[in-house]
Amino acid sequence: PIDPSRYSGTTVVEWLNVSAGIDHAVSWILAHTEMIRHGDAWVGVSAQVAGLEGFGATTDGLHATTVEDPERYRSLHIPSDSFSYDIFSQVGRLLRTPGHDNVLGGLDTTALLAIGQSQSAFRLTTYIDAIQPRAHVYDGFLVHSRGSSGAPLSESPQHDVEVPEPTMLRTDLDVPVLVFTSETDLFELGAIAAQQPDRARYRDWQVAGTAHFDAYGFTIGRPDSGDGRADAALFAAMRAPSSALTGGFVSCTTPVNTGPHHYVVAAALAALERWVTDGTPPPHAPHLRADRARSDVARDERGIAIGGIRTPQVDVPVAALSGTGDSGCSLYGTTTAFSAPRLAAAYPSHEAFVDKWDAATERAEAAGFLLPDDAAHLEAAAEQSSVGAR
C-alpha cells in the first residue's frame, strides 16, 4: 500500500504464469481489488525460464522480461525450471526479513500466502507436496485452477523427475491449502482426477458458471479500480457478450465466459487469510455435479451447471454461463445470452428481477462465497440494468 499504515500484514506471493512466453500475473488481475482494499502487499515471482527469456511468442505486444527491460534484467539467468522451486522459496524467505530496509520498504509480513493460477498452480502443487514440508516458507496456499497433476520436480537439462498422475496434495501439511476450481478445470484440465475431500487443512471450492479465464481477466478487470464500474460492465457483458478480447489477441467462435470467477477467488483469498491469521477455516462447498459420460459438468435445461458454489449469475441468470469453450478457446468458456422473451417470462418486472438477484447475492455472501463490497456492487449493477423493464 502507498500508505504503510494501511498494510494488513499479509503479503501475497504470486508464481507468475509463463504460458504465453511472458510473466503474466493472472491471480493479481482476478483478485487485485480485494488485495488493494484489504491493504495487502503483492509480490510477483519470475521463477521460470520463459518469463525471463520467452519462447518467441508475444502477448498484447509484450515480450519476455529481458526483452522488455534489458537494462534492468539482462544479468538474470535461470538454467532451467528445475530451479523454480528454490527461487520461490528464496523470495519467500527474503520477504520475511524484518527491518526498515527490507524488500517491502520496512513492512513486516505476518502472513505469507502463496498463489498461482493454471500452469503456476501445477508448479505450486509440486511445491506443496515436495518443498513446503522441508522449506516451511509459506503460511498458506491458494492453488488457483489446477489440473490433474503437478509439474515435474526436475527437468532437462537436469535429470527428469516426474510426479504422479494424478497428483494428490499430501494430507500431512501443517499449513492450510485452498483449491479454487472452475468448471473448465474439472474436465478440460483433468482436475477431477485429483479431486480430494475437504479435511482440517484443505478446502476445494468448485464454482458454477466459471471458466478457467474469462472476459473480466482479458479486458474488463484490468482497469478495475473497485468503484463498481467494472461490475456494471461485466453485468452488461452477460447481456451482450463478445468473442473478441484483448484487442483481438483472442478471437473465439462463440462469446467467452462473463461469469463470477473473480468474485469467488477474491472471497477465497480473504478466507485463506483468515484461516492463516486467526484459525477460522473457510466454509465447505459442494462439488459440481459431474457428467462423466460427457466429460463435462452436469447441466440443467438452461445449460447452467448443477451443484458447486452458487452466485446470482447462475441462480438468477440472464445468460447461460459455461466453462466449456469452443475448440480454439477451450479454456475461456461461453456465454449464451437469454432472449428478450425468455427474460420476460422469467422476470415479469424489473423489481421482480432485482428482488431475486439480491436474495441470491445475500445467500452467497452469507455462505462466505462473496465479499460484502462485491455483493454491494453486484446489487447495484442489477438495479442499474434494464432486465425486466417494460
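**Strand 4 and its surroundings**

Modeller: Strand 3 (residues 111–117), helix 6 (residues 119–135) and strand 4 (residues 140–144) together make a right-handed β-α-β unit. Right-handed here means that, with the strands pointing away from the viewer, the path from the first strand over the helix to the second runs clockwise. Helices (H or I, at least four residues) and strands (E, at least two) are DSSP runs, and they are numbered from the N terminus. This is a predicted model, in which local features need pLDDT of at least 70 and side-chain atom pairs count only at pLDDT 80 or more, while totals for chains, interfaces and linings use all residues. Residues are numbered from 1 along each chain as its sequence is written, and side-chain values use heavy atoms, with hydrogens and water left out.

Let us look at strand 4 itself. Five of the five residues of strand 4 are buried, so this strand is largely enclosed by the rest of the structure. Buried means under 20% relative accessible area, exposed means over 50%, and partly exposed is in between, as found with a 1.4 Å probe on protein chains only. Gly140, Leu142 and His144 point one way from strand 4, whereas Phe141 and Val143 point the other way, and all of them are buried.

Strand 4 also has partners. Two strands are said to pair if DSSP finds at least two bridges between them. Strand 3 and strand 4 pair in the parallel sense over five bridges, and in this pairing Gln117 stands opposite His144 of strand 4. Strand 4 is also joined by four bridges to strand 5 (residues 177–182), again in parallel, with Val143 opposite Val179 of strand 5. Strand 5 in turn pairs in the parallel sense with strand 6 over six bridges, and there Val179 stands opposite Asp204 of strand 6.

These pairings belong to an open sheet of six strands, whose order is 2-1-3-4-5-6, with parallel pairing. Strand 2 (41–45) and strand 6 (202–207) stand at the edges, each with a single partner strand, so one side of each is left without a neighbour in the sheet. Neighbouring strands of this sheet are turned by 20° against each other on average, direction ignored. For such angles, axes are lines fitted to C-alpha atoms, for helices over the stretch in contact, and the angles run from 0 to 180 degrees between N-to-C directions.

Helices lie across the strands. Helix 10 (residues 261–278) lies across strand 1, strand 3, strand 4, strand 5 and strand 6, and runs at about 165° to strand 4. Helix 5 (residues 84–95) lies across strand 1 (10–15), strand 2 and strand 3, and runs at about 165° to strand 1.

A nonpolar core is a set of buried Ala, Val, Leu, Ile, Met, Phe, Trp, Tyr and Cys residues joined through side-chain atoms within 4.5 Å. The largest such core has 69 residues, and Leu142 is one of those with the most contacts inside it, along with Trp205, Phe235, Tyr332, Phe353 and Trp357. Helix 10 gives the most to this core, with eleven residues. Apart from it lies another core, of 31 residues, among them Ala47, Leu104, Ala121 and Val143. In soluble globular proteins, nonpolar side chains tend to be buried together.

Phe141 belongs to one aromatic cluster with Trp15, Tyr85, Phe88, Tyr127 and Tyr138. Rings of Phe, Tyr and Trp (its six-membered ring) pair if their centres lie within 6.5 Å, and planes under 30 degrees apart count as stacked, over 60 as edge-to-face and the rest as tilted. The structure holds 15 aromatic pairs. One of them is the pair of Trp28 and Trp42, which is tilted, with 5.3 Å from centre to centre and 45° between the planes.

Leaving aside neighbours within four places in sequence, Val45 is in contact (heavy atoms within 4.5 Å) with Val13, Glu14, Trp15, Leu16, Ile87, Phe88 and Val91.
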